[in-house]
Amino acid sequence: VLVNYLYSIYNAILVYMGDSSCTMKLYFEASSMIILFVKLGRYIDKKNKERAVDSIKNLVMITPKNGTILKNGKEVVVTINEINKGDTVITKPGEKISVDGTIIKGTTHTDESFITGESKPITKKIGDKVIAGSINYDGYIEYTAERIGKDSSISNIVNMVMEATSTKTKIQRLADKISGYFVPTIFVIAILSLILNLVVTKETANAFVAFVSVLVVACPCALGLATPLAMVVSIGTCSKKGILIKSSETLESLHKVDTIVLDKTGTITQGKLTVVDGKFSKENFEILQSLESKSNHPIAKSICSNIKNSYEVKEFEEVPGMGIKGIINNTLYFAGNSKFVNSQKLDNQFKKQEEEYSKKGYSIVYLFTKENVIAIVGLSDNIKPNMKKIISELYDMKMKVVMLTGDNNETAKMIADELNIKEVISNVSPKEKLEKNNTCLMIGDGINDSPALKAALVGVSVANGTDISADSANIVLLNENMETLCNLIKIGNKTVKIIKQNLFWALFYNICMIPLATGLLPIHLNPMIASLAMTLSSLTVVLNSLRLKK
């Protein structure tokens with residue numbers, strides 16, 4: 001730009017002094033166009049730089065600010081920092097567990113989905129461990145504080161996220177490597193053109209025209225636009241399809257992916273329990289729904305999700321770790337697990353169904369009276385629509401598909417067989433997920449998936465996943481349609497293909513035009529024509545990149 005501008009000023013002075021022949025040697029517009037295209041390339045590149053994501057803050061906010069401890073036989077509310085190892089901590093129904101510990105009194109159900117990724121409530125009794133940040137649903141418990149601060153489960157996940165972030169490989173752009181050699185080479189060619197023209201033609205004006213023409217025609221505008229413009233078009237296309245791309249580097253990484261790792265709950269399945277089987281009459285199910293409508297338990301909410309007719313419930317009561325009971329039409333009804341049934345010493349006519357449901361991984365709820373068991377309901381987490389078709393399409397794309405879950409092997413294998421997934425890894429912790437997925441595309445929705453999402457070559461968070469999983473991922477699917485996953489991979493592959501085409505045409509153009517610009521061949525290029533050729537080169541790259549909008 002500088003050489004072209006100074007050469008034009010020199011000729012402008014000659015025109016001002018009366019040499020009208022120099023009017024055809026003014027190339028100020030070439031300098032302006034060069035600056036415009038370079039600035040445009042840099043602007044697009046800047047807009048697509050990865051933004052820093054603070055996922056640690058969301059993790060820290062999971063634990064409550066205060067907790068209740070027993071001190072000299074009295075309940076005392078203290079801050080989390082004031083709880084010491086060995087203190088007896090109290091958590092009531094609806095409250096969060098303050099610190100990691102072991103239950104010494106009471107039973108309850110807890111929601112640990114933020115760390116396990118699984119939607120089922122977990123029964124907790126004396127001797128069981130509780131995790132800081134998990135929700136106590138329905139029972140009063142006392143537990144001994146054990147792991148506090150940096151030793152807690154949450155802190156361990158924070159450390160894994162930080163480690164995965166710091167060790168993640170950054171993809172270097174091919175264009176950067178080419179430019180590193182291209183720019184100095186062009187300067188050498190321009191200087192050689194100047195010298196050879198002085199030697200061969202012995203005309204200073206022609207030598208300088210050749211020098212400027214080489215610099216203008218070889219301006220790496222197209223090379224600078226090749227990658228960022230393709231990226232911005234792809235990212236815009238992805239947005240329209242419900243895919244949020246956080247960085248342009250992610251799109252470049254997608255073509256390297258050969259393994260798709262899917263977390264089960266919330267990714268393959270909907271993450272919500274629904275009634276899938278049972279032995280009951282319409283009236284008995286309505287009684288069960290009426291009874292469960294008084295409870296805040298997640299299983300109860302699943303049973304009541306489509307309640308139509310309800311009965312009045314009197315003397316409702318929750319029995320921690322067992323179930324609920326209440327009077328309907330002057331009859332005392334009970335609803336709960338098999339342990340609740342056994343506590344009433346009833347003959348369980350649905351024992352065979354219970355064993356069958358257990359093998360399938362269902363959650364089980366009984367409805368019974370003091371005299372007999374009258375109904376059994378099996379609940380399961382449904383597979384998302386079209387998942388079988390999506391898995392089949394991934395295999396057609398020559399991808400290796402792996403299902404990852406914290407569930408038991410029996411439940412995991414049942415879902416994998418239904419979807420024809422050939423490889424299953426079950427009973428895995430967050431740390432194991434991190435170790436297994438650092439060279440592939442990982443899809444998850446829970447906080448427990450965050451380290452793995454950070455460590456994977458490409459991390460994808462599904463719609464309605466936790467904030468922390470969305471922060472940790474490179475890509476967020478903004479809708480429930482998992483078919484966007486296949487679109488994502490196709491767009492990623494096409495983007496890299498377009499970038500390679502852009503780079504090829506940019507370099508091919510230079511290979512053809514630079515010899516003409518040297519002024520040593522019968523056909524010559526002056527800076528004006530060189531500027532037009534440079535603009536057309538950039539336009540070719542732009543139009544090729546716009547193909548990604550389809």
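Predicted model: local features only at pLDDT ≥ 70, side-chain atom pairs only at ≥ 80, totals over all residues.
Strand β3 and strand β9, the latter covering residues 141-147, run antiparallel and are joined by four bridges.

Strand β3 also pairs with strand β1. Residues 66-71 form β1 and residues 88-91 form β3; the two strands are antiparallel, with two bridges between them. Here T68 faces I90 of β3. These pairings belong to an open sheet of six strands, whose order is β2-β1-β3-β9-β4-β7 and whose pairing is antiparallel. The sheet has β2 (74-79) and β7 (129-130) as its edge strands, each of which pairs on one side only.

Strand β14 (residues 323-328) is joined to β15 (residues 331-336) by six bridges, and the two run antiparallel. Within this pairing, I327 has L332 of β15 as its bridge partner. The hairpin of β14 and β15 has two residues between the strands, and N329 takes a positive phi near 55° there.

Strand β15 continues to strand β16, which spans residues 363-368: three bridges join them, and the strands run antiparallel. Across this pairing, the bridge partner of A335 is L367 in β16.

## Nonpolar cores

The largest nonpolar core contains 76 residues, of which V217, I260, L262, L394, L441 and I475 touch the most other members. Helix α20, residues 484-517, contributes the largest share of this core, with 12 residues.

The surroundings of I475 can be listed in detail. Leaving out residues up to four places away in sequence, I475 touches I243, L244, I245, T250 and L254, together with V458, G459, V460, S461 and L488.

## The cavity

A search of the whole structure returns one cavity of 30 Å³ or more. The largest cavity holds about 40 Å³ of space. Its lining consists of C219, P220, A222, L223, A506, Y509, N510, M534, S537 and S538.

Three helices, α8 (221-240), α20 and α21 (527-545), each provide at least two of the lining residues. By residue class, the lining of the largest cavity comprises seven nonpolar and three polar residues, with no charged ones.

T518 is located in the loop between α20 and α21. Is T518 buried or exposed? T518 is buried, because its relative accessible area of 10% falls under the 20% limit. Setting aside neighbours within four places in sequence, T518 is in contact with I189, S193, N197, A210 and V214. The C-alpha atoms of T518 and L192 are separated by 8.6 Å, although the two residues are 326 apart along the chain.

Q353 lies in helix α14, which covers residues 351-359. Q353 likewise counts as buried, because its relative accessibility is 17% and the cut-off for burial is under 20%. With residues up to four places away in sequence not counted, Q353 touches K279 and I376.

## The chain as a whole

The chain has 550 residues, and buried residues make up 50% of them. Its secondary structure amounts to 21 helices and 22 strands. Among contacts between residues at least 6 apart in sequence, 66% join residues at least 24 apart.

Notes:
Residues numbered from 1 in each chain as written. Heavy atoms only, no water. Buried < 20%, exposed > 50% of the residue type's maximum accessible area, 1.4 Å probe, protein only. Contact = heavy atoms within 4.5 Å. Pairing = 2+ DSSP bridges. Core = buried A, V, L, I, M, F, W, Y, C linked by side-chain atoms within 4.5 Å. 1 Å grid on protein atoms, 1.4 Å probe; cavity = no way out; pocket = protein on both sides within 12 Å on 5 of 7 lines; lining within 4 Å. Points joined across faces, edges and corners; volume = space filled by probe spheres on them. Nonpolar A, V, L, I, M, F, W, Y, C, P; charged D, E, K, R; others polar.
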